[in-house]
Amino acid sequence: MTAIKHALQRDIFTPNDERLLSIVNVCKAGKKKRNCFLCATVTTERPVQVNVVKVKKSDKGDFYKRQTAWALRDLAVVDAKDAVKESPEFDLHFDKVYKWVASSTVEKNTFISCIWKLNQRYLRKKIDFINVSSQLLEESVPSGENQSVAGGDEEAVDEYQELNAREEQDIEIMMEGCEYAIANAEAFAEKLSRELQVLDGANIQSIMASEKQVNILMKLLDEALKEVDQIELKLSSYEEMLQSVKEQMDQISESNHLIHLSNTNNVKLLSEIEFLVNHMDLAKGHIKALQEGDLTSSRGIEACTNAADALLQCMNVALRPGHDMLHAVKQQQQRFSDLREQFARRLASHLNSVFVQQGHDQSSTLAQHSAELTLPNHHPFHRDLLRYAKLMEWLKNTDYGKYEGLTKNYMDYLSRLYEREIKDFFEVAKIKMTGTTREGKKFATLPRKESAVKQETESLHGSSGKLTGSTSSLNKLSVQSSGNRRSQSSSLLDMGNMSASDLDVADRTKFDKIFEQVLSELEPLCLAEQDFISKFFKLQQHQGTSGTTTNEVEEMDGVALSRSYTSGVPQTVSSEKDMIRQMMTKIFRCIEPELNNLIALGDKIDSFNSLYMLVKMSHHVWTAQNVDPASFLSTTLGNVLVTVKRNFDKCISNQMKQMDEVKISKKSKVGILPFVAEFEEFAALAESIFKNAERRGDLDKAYIKLIRAVFDSVEKVANESQKTPRDVVMMENFHHIFATLSRLKISCLEAEKKEAKQKYTDHLQSYVIYSLGQPLEKLNHFFEGVEARVAQGIREEEVSYQLAFNKQELRKVIKEYPGKEVKKGLDNLYKKVDKHLCEEENLLQVVWHSMQDEFIRQYKHFEGLIARCYPGSGITMEFTIQDILDYCSSIAQSH
């Protein structure tokens, strides 16, 4: 064991500046025996630290390694298991209980005794030694302080002591005397023994000689010990005094800590109290304003607004943890809640009264506008209510139920008020359109034939039903030829159509102005109301946020409002912009049906009014969409625009239908067809209306449909005509169409204009050629026979040898057409052409000039055939080209 102890000291503890004082060979109790060593060590440096170290032999070699170390101050209990019976087991209680079995009882007792000594010398802490023999601890009681832990070292010195330098030097000198040749070790040892004895004797003599000095030294030592005992007694008393001082200082330190803690708590408590007082204290002036503030004056409203904001701040203060458990805080919150409820109820009641009062004031001014085409101005009403806008925002944030109730009441009241105003407004508009008074009397300036329209209008005043019929102006208009205008007009009137004179440009202009004024009055009214709703009810007109949790749908007098609840306050699932549109729809629910009724009336009066309405409505829709595409005004006008566009399409369809149903008299000439003249009127009117209009594309599409229908109907009537030649019908009407398109310069109808010109030219030529064969019929037949012989292969100079076409036959035919007969034939032809053509288009001179050119062309053709087929015969026509020109000129002038 000593060798192991020295090895451990050298290899493990000396490098760590530690001294090994005791060692015991142990293994863990109850497990497979794997031996290790528990070592008691102290450090060589001050302050001294005492450790219990577990040392284990390495698995890879014969050297030892340090495994675990415990500080002795952490040791609580040493359990020897049995104080009477010897047992190698013992327990050490550090952070947990370590159970050990020593290799022998002696080693265990020695190790426990060393632990006890180290505790007494260095720690003086209370370590419980249980089941340890009292004799073992008594034997271990040190006789002096210097012997407390010396036992282990002395034992180590007795067992082995290293040579010092002087001893090593003496041995070397002695070995040199023997010249390092010790042949007889026994003799050498005997010699050394003898010399040692001599030295011992000398030492004894020297000691005996110095006995007196020893006695003196011993005496001094005894005195020194007495002094040390006295010093120790004083030190003990000082230590006791210092111990009491230490206890007092500890108490003072603890008291200071408590005082500091108390001060800290007081500061925190003061901070919390100041926080609650500053944030949850409502001024008396605010309380008085909430309870008794005047809600009719501007100053009172401002005071109530400031008080409401202060109350909201107090209620919304972010309390710190634990504040809500304080009784005073609960009382204050309940007081705030009561104030909020009381003021919200008072505010809602007052605003409802304001709504009613303003309604009475507004109704009193309604009579002033009853006879004028203007809507009452709600600006004063809005201006007065906007003073409460901040209070409405407060009510929205604090009591959404009352805010919603006010919203409903406002919509209910305003919808009835606006319904009366708008219906009266449209009543005036209808009266101005139809020219009737409220009692149904007619203005003297209006024609009697409009009485039927007025009767239907009177039924509209009561909103009994929507007009569905439309009298197309194509049925009212007819352009007749000079000789048969009256009969044609009467035949059309027999079919239920009205005369064009019943509706003139002035009537349509008046309607256009009235309709524009209606839209111009409605537009600012809706925009002003929407702006007021946004400001008064604090609704954003731009897309808002919508964080939703639980959804529910509520019916607000027929207007579905989808809502959700987030943090206890209901928010609209859709944006606040949708809420504005829903409120506007509820308030102005009568605008769309009234506009539709007015549109139906205008279409009933004159279907051409749909052109005015389409342009005006399109412009207002375009303007509204530029401001806000999703607004109520834009949506409503867009819906009405669909109706107007439908009426416009119906007007076009009716015109096309009337073209198909046109019947032409078999006893009179056709002339310019009614629908051709009507298309001219329609196009001229449309161009004046749609100039720079937004919906020009709709008109262009209608043009294409109408012109194709006109072309087809002209062809149909020309084919069915019996009195007037087909070419004349085609020529005159397509000339009229071409002239109309050329004058109006409609860009989308350029192709149709070219087509009309081509048809007019073709049928003019066809009519001229067909008619010119009549004045020189026999001569024409003769030369046709000549051309036929030439075509059969007979040479031109040999045609005169044909019996039927010899020179005598040619002279005979020419003699039948002297100048007088030619002029007579041309005169008859002029009269026939005059009967075929109508006066409206004034094509007689054009046709006559074309016939003159064609006649001269035929004359030149006949002369050429005579020159080629009858050369040298000297045969000529009995009239010349100049004669033809004179004949035609005199005939034209005579008629």
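User: Which residue meets Arg795 in a salt bridge of 2.5 Å, N to O?

Analyst: Glu797 does: its side chain and that of Arg795 meet in a salt bridge at 2.5 Å, N to O. The term stands for a side-chain nitrogen of Lys or Arg within 4 Å of a carboxyl oxygen of Asp or Glu. Arg795 also forms a salt bridge with Glu798, where the closest N and O atoms are 3.8 Å apart. Bear in mind that this is a predicted model, in which local features need pLDDT of at least 70 and side-chain atom pairs count only at pLDDT 80 or more, while totals for chains, interfaces and linings use all residues. Residues are numbered from 1 along each chain as its sequence is written, and side-chain values use heavy atoms, with hydrogens and water left out.

User: Is Arg795 buried or exposed?

Analyst: Let's start with the scale: buried means under 20% relative accessible area, exposed over 50%, and partly exposed in between (1.4 Å probe, protein chains only). Arg795 has 51%, so Arg795 is exposed.

User: How many salt bridges does the structure hold?

Analyst: There are 29 salt bridges. One of them joins the side chains of Lys812 and Glu809, at 3.7 Å from N to O. Both residues sit in helix H27 (residues 807-815), 3 residues apart, which is about one turn of the helix. Helices here are DSSP runs (H or I, at least four residues), strands are E runs of at least two, and both are numbered from the N terminus. Lys812, at 48% relative accessibility, is partly exposed, and Glu809 is partly exposed at 28%. Salt bridges can also link up, and a network of them connects Glu341, Arg345, Asp399 and Lys402.

User: Now the rings, please. Why is the pair of Phe37 and Tyr64 called edge-to-face?

Analyst: A pair of aromatic rings is described by the distance of the centres and the angle of the planes. Rings of Phe, Tyr and Trp (its six-membered ring) pair if their centres lie within 6.5 Å; planes under 30 degrees apart are stacked, over 60 edge-to-face, and the rest tilted. That rule gives 28 aromatic pairs here. For Phe37 and Tyr64 the centres are 5.7 Å apart and the planes stand at 70 degrees, so the pair is edge-to-face. It links distant parts of the chain, with Phe37 in strand S2 (residues 36-43) and Tyr64 in strand S4 (residues 64-71), 27 residues apart. Phe37 is buried at 7%, whereas Tyr64 is partly exposed at 22%.

User: What kind of aromatic pair do Trp70 and Phe94 form?

Analyst: A stacked one, 5.1 Å centre to centre with 15 degrees between the planes. Trp70 lies in strand S4 and Phe94 in the loop between strand S6 (89-93) and strand S7 (97-102), so the pair ties together parts 24 residues apart in sequence. Both Trp70 and Phe94 are buried.

User: Which residues have the most contacts inside the largest nonpolar core?

Analyst: They are Tyr410, Val518, Phe690 and Val847, in a core of 176 residues. Such a core is a set of buried Ala, Val, Leu, Ile, Met, Phe, Trp, Tyr and Cys residues joined through side-chain atoms within 4.5 Å. Helix H13 (residues 400-434) gives the largest share, 15 residues. Apart from this core lies another, of 31 residues, including Val24 and Val132.
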